[in-house]
Amino acid sequence: MKEIYVQKDSEYTEHSNAYATFSDIFLSDNLFKHHEDPEEILAIVCHEICHDKYHHILKGAIVDVCYMVLYGVGVSFMVQYGNPIVSSFGFTYNSTFISLFLFHSIWIEIPDFFLRLGINWNFRRNEYTADKFAHESNYGPQLRKALIIMFVKNEDHLSPDYWHTLVNKDHPNLNQRIDALDML
């Protein structure tokens, strides 16, 4: 971890956030407007430090690259050997556009669904790990309060549909995170 930076997000949004990169932490200046207790900011920073300590960002980048390589291999296969697949859909000639369209349509419906479930599960597990790290660093109550404030101020869904969250969100919703913190 090298530096902690404050972004001037308040110039264009009321949304507040914090995130870690490979070497730095970025805090929205809105966090300082929304959180009066400095301990809440420290809890958020502690959460982000965990992402760096356990290399969550690097691991996520590796997973994303593997996903893109797998997609690229699928596209290459479809362009090169997809004629039987294209003809099974009733097309009498093979074109690169049709091959790519069919591959992408099939990919989004089947493999992508299951790959995204796994990828999102891993990202959500990392969020729980970072929340637990903040809790074990004696910032549990402050993180709990900070999460509630962030979700309310960001006008995020407080209790979205479980299945929608499972498939489409890489962060647990507020209720899931609070429940996990309460069990520590």
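**Group meeting: a walk through the helices**

Okay, let's start with burial: of the 184 residues in the protein chain, 36% count as buried. Keep in mind that this is a predicted model. The chain has 8 helices and 3 strands, and if you read along the sequence, the pattern goes β-β-β-α-α-α-α-α-α-α-α.

What about overall shape? The C-alpha atoms fill a box of roughly 65 × 35 × 35 Å along the principal axes. The radius of gyration is 21 Å, whereas a compact globule of 184 residues would have one near 16 Å. As for contacts, take those in the chain with a separation of 6 or more: residues 24 or more positions apart account for 55% of them.

Now to helix α3, residues 56–81. With 26 residues at 1.5 Å each, α3 should span 38 Å, and its end C-alpha atoms are 37 Å apart, so the two agree. Which residues of α3 are buried? Those are H56, G60, Y67, G74 and M78. Here's a bit of helix geometry to have in mind: an α-helix has 3.6 residues a turn, so residues three or four places apart point the same way. And what covers the buried residues of α3? The cover includes α2 (38–53), α4 (83–88), α5 (96–109) and α6 (111–153).

Next, the aromatics. Searching the whole structure turns up 11 aromatic pairs. Take Y19 and F26: their ring centres are 5.2 Å apart and the planes sit at 15°, so this pair is stacked. Y19 has 32% relative accessibility, so Y19 counts as partly exposed.

Then there's Y67 with W107. Those ring centres are 5.8 Å apart with the planes at 65°, so we call that pair edge-to-face. This pair links distant parts of the chain, with Y67 in helix α3 and W107 in helix α5, 40 residues apart. Are the two partners buried or exposed? Y67 is buried at 16% relative accessible area, and W107 is buried too, at 6%. The cut-off for buried is under 20%, so both values qualify.

Y67, Y71, F103 and W107 form one aromatic cluster.

Moving on to the nonpolar cores. The largest has 13 residues, and those with the most contacts inside it are C46, L143, L147 and L174. Which elements give two or more residues to this core? That would be α2, α6 and α8 (174–182), and α6 gives the most, with 7 residues.

Let's zoom in on L147. If you leave aside neighbours within four places in sequence, L147 is in contact with D131, L174, R177 and L181. There's also a second, separate core of 10 residues, and A18, A20, I44 and A146 are among them.

Last stop, F113, which you'll find in helix α6. Its relative accessibility is 33%, so F113 counts as partly exposed. What does F113 touch, not counting residues up to four places away in sequence? It touches I108 and V167. And compare F113 with S87: they are 26 residues apart in sequence and 25 Å apart in space, C-alpha to C-alpha.

Notes:
Residues are numbered from 1 along each chain as its sequence is written. This is a predicted model: local features need pLDDT of at least 70, side-chain atom pairs count only at pLDDT 80 or more; totals for chains, interfaces and linings use all residues. Side-chain values use heavy atoms; hydrogens and water are left out. Helices (H or I, at least four residues) and strands (E, at least two) are DSSP runs, numbered from the N terminus. The expected span of a helix is 1.5 Å times one less than its number of residues. Buried means under 20% relative accessible area, exposed over 50%, partly exposed in between (1.4 Å probe, protein chains only). Contact means heavy atoms within 4.5 Å. Rings of Phe, Tyr and Trp (its six-membered ring) pair if their centres lie within 6.5 Å; planes under 30 degrees apart count as stacked, over 60 as edge-to-face and the rest as tilted. A nonpolar core is a set of buried Ala, Val, Leu, Ile, Met, Phe, Trp, Tyr and Cys residues joined through side-chain atoms within 4.5 Å. The radius of gyration is taken over C-alpha atoms; the globule rule is 2.2 Å times the number of residues to the power 0.38.
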